[in-house]
Structure formats: C-alpha cells, structure tokens
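Please keep the sequence and the structure at hand while reading.

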Amino acid sequence: MGVALSITAFPVLARILAELKLLTTDIGRLAMSAAAVNDVAAWILLALAIALSGDGSPLVSLWVLLSAAAFVIFLSFAVRPILEWMVRRTPEGEPVKEVYICATLFIVLAAGFVTDTIGIHALFGAFVIGIIVPKDGPFAGVLIEKMEDLVSSLFLPLYFVSSGLKTNVATISGAKSWGLLVLVITNACAGKIIGTIIVSLLVKVPAREAVALGFLMNTKGLVELIVLNIGKDRKVLNDESFAILVLMALFTTFITTPIVMAVYKPARPVAPYKHRTVERATETDSEFRVLACFHTSRNIPTLINVIESSRGTRRRRLTVYAMHLVELSERSSAISMVQRARQNGMPFWNKLGKASAGGGGEMVEVAFKAYQQLSSVSIRPMTAISHISTIHDDIVSSAVQKRASLIMLPFHKRLQVDGSMESFGHAYHVMNQRVLRQAPCSVGILIDRGLGGAAQVPADDVEYSIAVLFFGGSDDREALAYGSRMAEHPGIALTVIRFVPASTVNTPLVHEGTADDVVIEACKAKTNEGSVKYEEKVIESHAEVVTAIKEMGRGINLFLVGRSSPVPEPLQKHDCHELGPLGSYLASGEFTAPSSALVIQCYDPERDPYSKRYGPEEAGEASVVPAGNDDTDFD
C-alpha cells in the first residue's frame with residue numbers, strides 16, 4: 001500500500017502540464033524531473049514489495065532479491081552491448097532491419113519470463129530492458145512506433161477494462177468502509193502534498209509553486225493500477241481494499257487540474273510594449289524583434305534567408321526568436337519527446353545532434369548556430385509543446401512576452417516536387433487564423449516556394465529581387481515598411497508597384513489616401529539610392545492585376561503583400577481567408593512562378609485581447625502573460 005500511495009504517474013502528469021501550458025516553465029520542468037525519478041523508484045520498490053510479499057521464509061525473499069539484482073547486472077553487462085551493436089548497425093536516415101526489431105522484442109519477452117520465474121513480475125524485466133535500450137539514433141524511436149499503436153489501442157484499454165472489472169464498488173458499504181476511504185484519500189494527499197511542500201520550501205521554492213507542485217506530484221496513473229492488481233493477485237488486498245485504493249487514485253488525479261489552475265497562475269508583468277508594428281520599429285531605429293515559427297526542418301532554409309534579408313543596418317539590431325512548434329499528440333511517443341525537453345529551448349536534439357522528433361535536427365541546429373556566428377542577428381531558440389488546437393495561445397503569449405514587432409508563421413501548405421502545394425492539415429490552417437485574430441503585433445504568413453533554394457544562402461551571396469504590391473491601406477503600408485527595411489541589405493533589389501484604380505485617378509484624396517501618399521513619397525525619396533525602384537500602374541479590372549503579377553513573377557524572388565489590400569472585387573473570391581485576395585492568388589495553382597510570398601497583417605488594437613483588457617491607450621504600457629523560458633542565445 002505504501003508503494004501505491006507514493007507513486008506519481010509520469011505520463012498523466014505530462015498531459016496535465018501540457019494542458020495547463022506549464023511544460024516549459026520552471027515548475028513544469030521540476031515536476032517532470034521529479035516524476036521521472038519517482039517512476040524509477042516506484043518500480044524498484046514494487047520489485048522489493050513483491051519479493052517480501054511471498055508466503056515463504058525470509059530466506060526465500062532474500063533469494064528473490066539477490067536473483068533479481070544479479071539478473072539486472074547480467075542485462076547491463078551482457079544484453080546491453082548486443083542492443084548497442086544493433087543501434088550502431090542502424091545509422092541515421094536508414095530503416096531499422098526487421099530482424100533487429102524481432103530480436104529486441106524476443107529479449108523483452110525473455111526478460112519478462114525470467115523475472116516472473118524468479119518471483120518478481122514479468123513487467124519488471126520488460127521495464128529494465130526499456131531502460132538499457134540506447135536512446136541515441138533512430139532505433140529507440142522506431143521501437144516505440146512499432147509497438148505503441150498496438151499497446152495503446154488494444155492492450156492498454158484491455159488492461160484498464162480488466163482493472164475495472166476487478167473493482168467492486170459495492171464492497172464499500174457502511175460507515176466503516178466509507179470512513180476508511182476518506183482516511184486513505186486524506187493519508188495519500190497529506191503525505192505526498194505536505195511532504196512535497198515542506199521540501200520545496202526548504203529549497204526556497206515560492207509558496208504558491210510549492211503547493212502546486214505538491215498537487216502535481218500527487219497524480220496517479222497506470223503504475224498505480226499495476227501495483228494494485230499485483231497486490232490483489234497475491235491476496236495482499238481484498239476486494240474492499242482494492243476498490244478503495246482505485247477510487248483514491250481516481251480522486252487524486254481528478255482534483256489535480258482544477259486545484260493547480262486555482263492555486264498557480266504563472267503570470268508576470270511585461271515591460272512597456274509599444275513597438276508592435278514593423279513601421280513603428282523602423283521609424284524609431286529601435287531593436288526589431290521577430291517571432292519566427294516553424295514546424296519542421298523544411299521551413300528552415302527559407303526562414304533563415306528571409307531573416308538575413310531583414311537584418312537592416314547594424315545600428316538597428318535584429319533579434320529573432322525561433323520558435324519550434326511541436327504538437328503534443330495523443331501517442332505515447334509524445335511523452336518520451338517531452339521527457340527529453342531541455343532548458344535551452346531546443347529540446348529535440350541529443351548530444352549527437354540527432355533529431356528525435358521530425359528528423360533533420362542536426363541540420364537545423366547547425367544552421368541556426370552557424371548563421372548567428374556569421375551574422376549580426378541574434379537568434380534565440382524557443383519551443384512550444386502543446387496540442388495543435390491550443391498552440392496559438394503559446395505563440396500569442398510568447399509574442400507579448402518577447403515584445404515582438406512581427407510574428408512570422410509558415411503557410412499551412414508546403415511546396416511539392418511537381419510544383420503543387422500540399423496541406424499540413426486543417427488544424428494548422430485554423431492555427432494561423434487564430435493567431436491573426438488574437439495577434440498582439442503585426443503578423444506575416446510565409447508562403448514558401450524555395451526562397452534561395454533548399455539551403456541557406458551565405459550573406460555575401462544574397463541577391464534577391466523583392467516586390468511590394470501596394471494598393472493602399474494599413475496592411476500594405478506595413479508590407480512597404482518591411483520592404484524598406486529589406487532594401488537596406490546590399491544584396492536586395494526592391495521594386496514597389498503601386499496599383500491605382502482608374503476610377504480614382506482624378507478624385508480628391510481622402511484620409512486613408514493621404515497616409516498612403518506619405519509612405520509612397522518616402523519610398524520615392526529612396527529611389528535615388530539605387531536599391532529601390534518605384535512604378536505606378538493604373539488598373540481597371542482584376543485581370544490587369546493578374547497579368548501584371550504574372551509578368552513580373554519570373555524575375556521576383558519574394559512578394560510582399562498586405563492581407564487586406566483593396567484589390568478589384570472579382571479577385572476577392574478566394575479559399576484562404578487568412579491570406580486575403582492577393583495572398584490567396586500567390587498561393588494558388590494559377591500562379592506558377594517559383595516566387596515566395598510574405599502576406600502581412602498590420603497590428604490592430606481592436607483585434608488584440610490584451611488591448612481590450614487594458615484599453616487602447618494602455619495596451620502598450622502593460623501586459624500580463626504566462627511565464628516561460630528566459631531568453632537563451634545559442635552557445
């Protein structure tokens with residue numbers, strides 16, 4: 001019973017932390033580390049409890065313990081080298097041989113048989129094999145992929161059904177039984193929670209975090225059921241005790257989330273935040289902060305090439321927060337991914353630089369490190385680990401916390417070999433739409449058609465032609481401001497094309513037109529510098545717009561367009577609302593040129609939830625967001 005009360009369920013805890021957005025906070029990392037150690041200790045205590053629960057003499061129990069210890073040593077020194085040999089024979093990027101998978105599964109079954117024969121339990125042998133399997137390279141990941149669907153979808157539900165069938169709640173009857181249930185729950189909660197709080201306070205953990213950590217460590221799960229089932233099978237627990245302990249496990253797990261949400265609110269004030277647009281950051285010559293998000297390594301070359309083109313002059317420093325968006329799926333492999341998370345924000349690369357989630361980790365890490373060392377841009381890694389339905393909250397809160405002027409998102413479709421665009425999935429489409437609705441700053445959606453090719457282009461070799469399609473409005477002015485910053489790069493040739501409707505050529509200027517003319521005049525003043533070219537086109541229909549874009553498409557590497565450009569009416573029939581009419585056309589199959597595009601939405605206080613909370617005049621002065629990792633540069 002002591003083992004059952006002291007267990008913390010690592011997988012269940014990881015899910016709770018993910019739902020509460022606490023995985024990358026200090027308390028989340030502390031809870032995960034403690035739960036991992038607790039898991040190992042629980043298995044050792046379980047083996048000890050099984051050995052001591054036999055009906056034989058103490059010498060039999062001693063023999064079981066010594067035999068188990070000897071078998072663990074044998075596995076470490078005789079079986080582990082075999083597993084390491086199989087790992088070495090499976091290089092990165094090549095499929096794992098089926099014979100290695102079969103051999104490993106045979107070793108797992110054999111270890112379970114031996115430990116069961118010794119008198120402990122078959123699960124203990126399988127657990128030890130899981131510990132000694134080398135985690136470097138693709139071997140361990142492939143093993144998980146081969147087994148987790150069968151185990152999670154078939155065996156695990158059957159095990160829970162079996163435990164439920166053994167639980168007879170009707171045995172808890174009468175005041176004595178219900179009083180015993182309350183006593184067990186009180187003992188379980190008090191021992192784990194109070195003990196955790198006392199130790200946390202001794203090591204200077206704040207009181208609120210100590211209480212939250214105590215409830216988090218009180219989470220129960222699968223290992224608890226395993227212990228209880230073993231106790232029932234060995235007649236240590238009767239039906240009443242078994243039912244009481246199962247209900248205790250359910251109760252302590254159910255209360256964790258609401259209590260932690262009530263007790264621990266990870267919020268802290270952020271410094272005054274006014275530079276929420278590219279135009280504002282450019283006008284004041286202040287630091288330009290970009291939150292650049294990516295899903296996979298395929299997004300990296302174009303992302304770095306865009307960053308290089310945006311670095312401006314040395315007096316206007318560019319800081320890029322490179323955020324890896326990682327979906328926390330329902331698969332059990334997601335738990336092992338979370339377990340490997342590291343504090344520096346790049347959690348999915350081990351010491352050898354191999355990627356454990358998505359592949360290409362070595363290339364990504366080397367690319368970011370090399371780029372920062374060879375440029376004046378500061379790259380700071382971040383990671384958002386969350387369910388895809390809520391990951392937009394991580395992006396928005398991180399943008400506020402880092403005081404970003406621009407959020408750069410990847411388009412939910414990627415370029416294929418045949419030139420078509422394939423979707424990541426509807427969930428990523430919805431994610432971009434939610435970020436646009438809640439963004440605390442300007443947002444750019446990058447339509448990647450291979451800017452600079454499949455690799456990062458060195459700074460000295462950057463030679464891009466960039467076009468700003470200007471129709472008017474705040475989004476187009478923001479796109480022009482970003483283009484003007486890019487034009488400061490010696491390898492960038494910027495072309496600004498202003499489309500003027502024929503019906504408005506001779507009409508008086510309105511207020512919006514006056515603002516557009518101001519930025520256009522500033523753009524014309526830069527044409528003498530040689531890197532900026534300005535053109536005006538008078539248009540009467542959407543067909544003329546399409547024709548003009550197609551004519552220049554082959555010679556342009558990157559288009560900058562506003563999301564809400566006032567283009568002629570027929571062009572506004574599009575299927576990607578988050579891109580607007582121009583962006584949708586540039587992402588469609590009708591546009592065949594190999595040109596990438598960045599669709600920009602200017603910050604609007606009316607859309608910002610933080611602005612609505614504090615009032616428009618206070619939105620730039622104070623904001624409160626969930627706390628996260630501190631800024632961390634690459635070494």
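Two strands are said to pair when DSSP finds at least two bridges between them. In this predicted model, β2 and β5 meet that requirement, because three bridges join them, and the two strands run parallel. Within this pairing, V290 stands opposite L406 in β5.

**The sheet as a whole**

The pairing of β2 with β5 belongs to an open sheet of 10 strands, whose order is β4-β3-β2-β5-β8-β13-β12-β9-β10-β11 and whose pairing is mixed. The edges of this sheet are formed by β4 (378–386) and β11 (532–539), each of which pairs on one side only. Ignoring direction, neighbouring strands of the sheet are turned by 20 degrees against each other on average. Helix α14 (residues 300–309) lies across several of the strands, including β2 (288–294), β3 (318–327) and β5 (406–410), and runs at about 170 degrees to β2.

| Strand pair | Number of bridges | A pair of residues standing opposite |
|---|---|---|
| β2 and β5 | three bridges | V290 and L406 |
| β5 and β8 | five bridges | M408 and G444 |
| β9 and β12 | four bridges | V468 and L560 |
| β12 and β13 | five bridges | F559 and A597 |

How much of β5 is buried? Five of its five residues are buried, and the strand is thus described as mostly covered. In a regular strand the side chains alternate between the two faces of the sheet. Both faces of β5 are covered, with L406, M408 and P410 buried on one side and I407 and L409 buried on the other.

Strand β12 (residues 558–562) is likewise buried in five of its five residues, so it is largely enclosed by the rest of the structure. On one side of β12 the buried residues are L558, L560 and G562, while F559 and V561 are buried on the other, and both faces are therefore covered. The partners of β12 are strand β9 (residues 464–470), which pairs with it in the parallel sense, and strand β13 (residues 596–601), which also runs parallel to it.

**Helices α3 and α6**

Two packed helices are described by the angle between their axes and the distance between the axes. For helix α3 (residues 26–52) and helix α6 (residues 122–132), the angle is about 145 degrees and the axes lie 10 Å apart. The crossing of α3 past α6 is left-handed. At this contact V40, W43 and A47 in α3 meet L123, F124 and F127 in α6, and the residues involved divide into six nonpolar, no polar and no charged.

The side chain of T115 reaches the backbone oxygen of G112 at 3.0 Å. When its neighbours within four places in sequence are left aside, T115 is in contact with F71, I120, H121, A122, F124 and G125. One of these, F124, also takes part in the contact of α6 with α3.

Terms used:
Residues are numbered from 1 along each chain as its sequence is written. This is a predicted model: local features need pLDDT of at least 70, side-chain atom pairs count only at pLDDT 80 or more; totals for chains, interfaces and linings use all residues. Side-chain values use heavy atoms; hydrogens and water are left out. A polar contact is a pair of N or O atoms within 3.5 Å; within protein, one must be able to donate a hydrogen and the other to accept it, and residues adjacent in sequence count only if both atoms are side-chain atoms. Contact means heavy atoms within 4.5 Å. Axes are lines fitted to C-alpha atoms, for helices over the stretch in contact, and angles run from 0 to 180 degrees between N-to-C directions. A crossing is left-handed if the near helix is turned anticlockwise from the far one by less than a right angle, and right-handed if clockwise. Ala, Val, Leu, Ile, Met, Phe, Trp, Tyr, Cys and Pro count as nonpolar, Asp, Glu, Lys and Arg as charged, and the others, Gly among them, as polar. Buried means under 20% relative accessible area, exposed over 50%, partly exposed in between (1.4 Å probe, protein chains only).
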